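These are my notebook entries on a structure that I looked up. I record each item in the order in which I examined it.

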Amino acid sequence: MQFKDVIGQSAVKQRLIQSVRENHVSHAQLFFGPAGCGKLPLALAYAQYILCPNRTETDSCGVCPTCQKVQKLAHPDLHFVIPTNTTKSVKSNPESDLFMEEWREFTLKNEGYFSDNDWYTFLEIENKQGYMSVRDAASLLRKLSMKAYEGEYKIAIIWMAEKMNPQCANKLLKLLEEPPAKTVFLLIAEDQEELLATIKSRTALVKIPVLDSASIEQALQKRYGCDPQQAHDSAIISEGDWLTACRSFKDFEDHKLFFTTFQQWMRLCFRAAYSELIDFSANIKNLGREKQKELLNYGLRIFNNALLFNNNLSEIVMLPEDEKKFNANFAPFVNPANLVQIAGLFEEAIRQIERNGYAPLIFTDVSFKMIGLLKKK
Ligand SMILES: [Zn+2]
């Protein structure tokens with residue numbers, strides 16, 4: 001990863017670049033900051049900058065063999081210590097080295113932006129917390145006691161350092177006190193309280209602030225083609241946390257999808273377009289179980305809103321303008337004679353999906369019943 005791929009944080013980047021250019025790279029640094037500010041991407045870009053033989057005044061070159069290896073997280077002088085736990089495939093004694101393939105895949109896919117919980121979900125460690133044990137520290141010690149393979153420096157990135165258990169932290173502490181030559185430790189943490197005070201005192205603090213909202217706004221537009229207004233809104237809601245901004249944007253996208261899908265569905269029901277409804281229901285498979293449920297819940301919301309429209313309470317309906325218009329046009333077809341049955345039908349469909357029912361059949365059934373119910377006066 002290059003500095004140019006890291007969102008915002010220009011002051012921190014400047015400081016890190018400076019340290020390399022002035023030959024003042026401190027051997028142990030603690031990248032400390034809140035979730036979603038880009039600590040890991042910064043550490044990765046910094047490591048690449050330190051290792052790249054063709055670095056410029058502003059960034060690593062991005063194309064030399066060294067950069068290419070770092071970009072794949074496969075450089076022999078770049079080591080990772082990460083929280084793990086037992087999984088379906090690693091049934092005992094978990095340690096970072098056993099998860100390097102997953103780590104590379106996940107980190108590259110997310111460009112370094114993810115939370116520890118995202119990582120645990122990816123590993124399917126269920127409800128357990130990840131941790132680093134003395135096995136992790138011992139393995140790191142072994143690797144760092146060897147000579148650097150390629151460049152001058154060996155770099156160890158310790159992600160979520162607060163997840164080290166005491167044995168691990170104590171062993172690492174010895175390493176930090178008597179570091180092997182030309183080794184740089186980059187510890188990344190979000191919770192200082194949980195980090196051993198002695199570890200903190202052995203590291204130079206690199207404080208990483210929340211992202212400024214202009215950087216988030218730009219990144220949402222550039223990376224996701226987000227429209228400017230939505231990018232602006234998501235950036236404000238995120239309070240400087242890129243992960244929250246992405247979630248808000250994704251929710252917005254999902255919401256749009258539910259609106260257009262529901263609208264299409266109800267139009268087919270009005271037209272009693274039986275064969276098209278069968279196709280529609282067959283395609284619903286692609287949404288996946290969670291979104292099928294959310295679509296049905298979206299429908300329930302539209303039906304409930306219809307009551308508000310019918311009782312002249314439209315001003316309390318909180319929906320974007322185009323959806324509100326659709327909802328208002330739809331409202332006359334929902335009345336006391338059919339509302340209870342429609343709501344019951346959707347609620348039952350949700351229960352069936354939760355019980356692993358076959359979605360195309362469930363949606364076909366709901367569709368055909370809706371044709372009749374929408375005609376009820
Ligand atoms: Zn390079």
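Before the first entry I note a definition: a crossing is left-handed if the near helix is turned anticlockwise from the far one by less than a right angle, and right-handed if clockwise. I also note that helices (H or I, at least four residues) and strands (E, at least two) are DSSP runs, numbered from the N terminus.

**Basis of the entries**

I am working with a predicted model, in which local features need pLDDT of at least 70, side-chain atom pairs count only at pLDDT 80 or more, and totals for chains, interfaces and linings use all residues. Residues are numbered from 1 along each chain as its sequence is written.

**Entry 1: helices H1 and H2**

Two packed helices are described by the angle between their axes and the distance between the axes. Axes are lines fitted to C-alpha atoms, for helices over the stretch in contact, and angles run from 0 to 180 degrees between N-to-C directions. I looked up H1 (residues 10–21) and H2 (residues 39–51): their axes are 10 Å apart, at an angle of about 25 degrees. H1 is therefore roughly parallel to H2. For this term, angles under 35 degrees count as roughly parallel, over 145 as roughly antiparallel, 65 to 115 as roughly perpendicular and the rest as oblique. I recorded the crossing of H1 and H2 as right-handed.

Which residues make the contact? From H1 they are Val 12, Leu 16, Ile 17 and Val 20, and from H2 they are Leu 42, Tyr 46, Tyr 49 and Ile 50. Two residues are in contact if their C-beta atoms, placed from the backbone, lie within 7 Å. By class, I found 8 nonpolar residues in the contact of H1 with H2, with no polar and no charged ones. In this scheme Ala, Val, Leu, Ile, Met, Phe, Trp, Tyr, Cys and Pro count as nonpolar, Asp, Glu, Lys and Arg as charged, and the others, Gly among them, as polar.

**Entry 2: helices H10 and H11**

I next looked up H10 (residues 228–238) and H11 (residues 242–270), whose axes come within 8 Å and cross at roughly 135 degrees. These two helices are therefore oblique to each other. The crossing of H10 and H11 is right-handed. On the H10 side I listed Gln 230, Ser 234, Ala 235, Ile 237 and Ser 238, which meet Trp 242, Thr 244, Ala 245, Ser 248, Phe 249 and Phe 252 in H11. By class, the contact of H10 with H11 has 6 nonpolar, 5 polar and no charged residues.

**Entry 3: domains**

The chain is divided into domain 1 (3–209) and domain 2 (255–373), with bounds that come from an automatic or database domain assignment. I noted 48 Å between the C-alpha centres of domain 1 and domain 2.

**Entry 4: Val 81**

Is Val 81 buried or exposed? Val 81 is buried, because 25 other C-beta atoms lie within 10 Å. A residue is buried if 20 or more other C-beta atoms lie within 10 Å of its own, exposed if 12 or fewer, and partly exposed in between, with C-beta atoms placed from the backbone. I located Val 81 in strand S2 (residues 78–81). Its C-alpha atom is separated by 6.3 Å from that of Ile 157, 76 residues apart along the chain. Leaving aside neighbours within four places in sequence, I found Val 81 in contact with residues including Ser 96, Met 132 and Ile 158.

**Entry 5: Ile 199**

Ile 199 lies in helix H8 (residues 197–201). Ile 199 counts as buried, because it has 22 C-beta neighbours inside 10 Å. Not counting residues up to four places away in sequence, Ile 199 touches Ala 169, Leu 172, Leu 173 and Leu 176. For Ile 199 and Ala 169, 30 residues apart along the chain, I noted a C-alpha separation of 7.6 Å.

**Entry 6: two positive phi values**

Most residues other than glycine have a negative phi, and most peptide bonds are trans. I looked up Glu 111, whose phi is near 50 degrees, a positive value in a residue other than glycine. Glu 111 is placed in the loop between helix H4 (100–109) and helix H5 (116–123). Glu 111 is partly exposed, with 16 other C-beta atoms within 10 Å.

Asn 356, also not a glycine, has a positive phi near 65 degrees. The loop that holds Asn 356 is between helix H15 (339–354) and helix H16 (359–373). With 8 C-beta neighbours inside 10 Å, I recorded Asn 356 as exposed.
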